[in-house]
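Let's go through this model together, one question at a time. Each answer sets a value beside the rule behind the word.

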Amino acid sequence: MIDTHNKTLNASYDADERYKMWEQYRNDISQFITKVSLIGKSVLIVGAGNLNDIELKIFESCQVTLLDIDVESVERGILRQGFSLDEFTLIEGDLTGLNHTVFFEKLDETTTESLEAFKEVEIDIHLETYDMIVVLPIYTQLLLPQLVKLNLTYEGLNIYLPLIQNRIEKVNTLLRNHIIDNGYMVVLSDVLEYNARSEEGQYLNANRYQNIILEEFYNSYLDNFGHGLGSYGIYEMNHYCRTVFKDFFVWPFDQKRIMLIEAQIMKKNSD
Ligand SMILES: C[S@@+](CC[C@H](N)C(=O)[O-])C[C@H]1O[C@@H](n2cnc3c(N)ncnc32)[C@H](O)[C@@H]1O
């Protein structure tokens, strides 16, 4: 279910066209990551997908592992950027840990109590230990889009939120456990989304290189409405890692949607 959903989604648009459309955004993100030296580092990139939002060439002297539930998209992404597949290690894995459980089969019978058992499920992905982990925007993609597609009522959807929060914590814990002490954790997350033509969308776009304005906009949103899943992923990571660099980016996602991305380079505290 989770694998089919993401494979269908990743193949649902023209990835070559999006590669062109995201060129400036991809360059800005890649430049942000190079604020720290990448020379000779082992790097894990999580949520690699079509690889349209990151330049592989910045990792030229690194040993790079790419993780996604949809490895075919990652392979096409590598070739699109002019590299060969044997230069990378690929891992196909499900970060929710629920793809091969009865979670989706038993949705009709789900209760708040029955969801408790799924909170214990571990993520079955074998990782090495890395000097740097880059998390591309994935937090908002974990379970929620698949559940929304099932046309649940608002109340029906609500009971799953603690489980989604729990899955984000599991993902972050897994990643933290596979980074060296003082290694870099780079986290990018889509924290707000607007219609590109809305007043807010146009405001963000007009100020896309004004870090202070973007941060003020975001803080005022947080004051009024609180955290969403995208911001929770970063918030949780901040409890265990200290922020070294922070910035905001405006992602021109498609013709209709625009997203505000929070990006942080963190250092994992020594245990
Ligand atoms: C919004 S995309 C990130 C953009 C992507 N780097 C690109 O350039 O296309 C999120 C990625 O997370 C992956 N993903 C979603 N749910 C996942 C899961 N449960 N486990 C592993 N990867 C997942 C999707 O397949 C997708 O490639």
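Q: Which helix holds N6?
A: N6 is found in helix α1. Helices here are DSSP runs of H or I with at least four residues, strands are runs of E with at least two, and both are numbered from the N terminus. A word on the source: residues are numbered from 1 along each chain as its sequence is written. The model is predicted, with local features needing pLDDT of at least 70 and side-chain atom pairs counting only at pLDDT 80 or more, while totals for chains, interfaces and linings use all residues.

Q: What is N6 in contact with, leaving aside its neighbours within four places in sequence?
A: N6 is in contact with I69 and D70; contact asks for C-beta atoms, placed from the backbone, within 7 Å.

Q: Which residues are the closest to the ligand?
A: They are N6, G49, N50, I69 and L95, and 22 residues surround the ligand. To count, a residue needs its C-beta atom, placed from the backbone, within 6 Å of the molecule. Helix α1, residues 2-10, gives the most to this shell, with three residues.

Q: What makes L143 stand out in its phi?
A: L143 has a positive phi of about 75° although it is not a glycine. Most residues other than glycine have a negative phi. L143 sits in the loop between β4 and α6 (144-148), and is buried because 23 other C-beta atoms lie within 10 Å.

Q: How do you know whether N182 is buried or exposed?
A: N182 has 10 C-beta neighbours inside 10 Å, so it counts as exposed. N182 is found in strand β5 and has a positive phi of about 65° although it is not a glycine.

Q: How many helices and strands does the chain have, and what makes it as compact as a globular protein of its length?
A: There are eleven helices and seven strands. The radius of gyration is 18 Å, close to the 18 Å that the globule rule gives for 271 residues, so the chain is as compact as a globular protein of that length. The radius is taken over C-alpha atoms, and the rule is 2.2 Å times the number of residues to the power 0.38. Of the 271 residues, 35% count as buried.

Q: What is the strand order in the open sheet, and why are some called edge strands?
A: The order is β3-β2-β1-β4-β5-β7-β6, with mixed pairing. The edge strands are β3 (88-92) and β6 (241-251), as each pairs on one side only. Strands pair if DSSP finds at least two bridges between them.

Q: How do you know that β2 and β3 are paired?
A: Strand β2 (residues 63-68) and β3 pair in the parallel sense over five bridges, against the at least two that pairing needs, so the two strands count as paired. In β3, the bridge partner of V64 is F88, and L66 stands opposite L90.

Q: How many bridges join β1 to β2?
A: Strand β1 (residues 42-46) is joined to β2 by five bridges, and the two run parallel. There, S42 stands opposite Q63 in β2.

Conventions
A residue is buried if 20 or more other C-beta atoms lie within 10 Å of its own, exposed if 12 or fewer, and partly exposed in between; C-beta atoms are placed from the backbone. Two residues are in contact if their C-beta atoms, placed from the backbone, lie within 7 Å.
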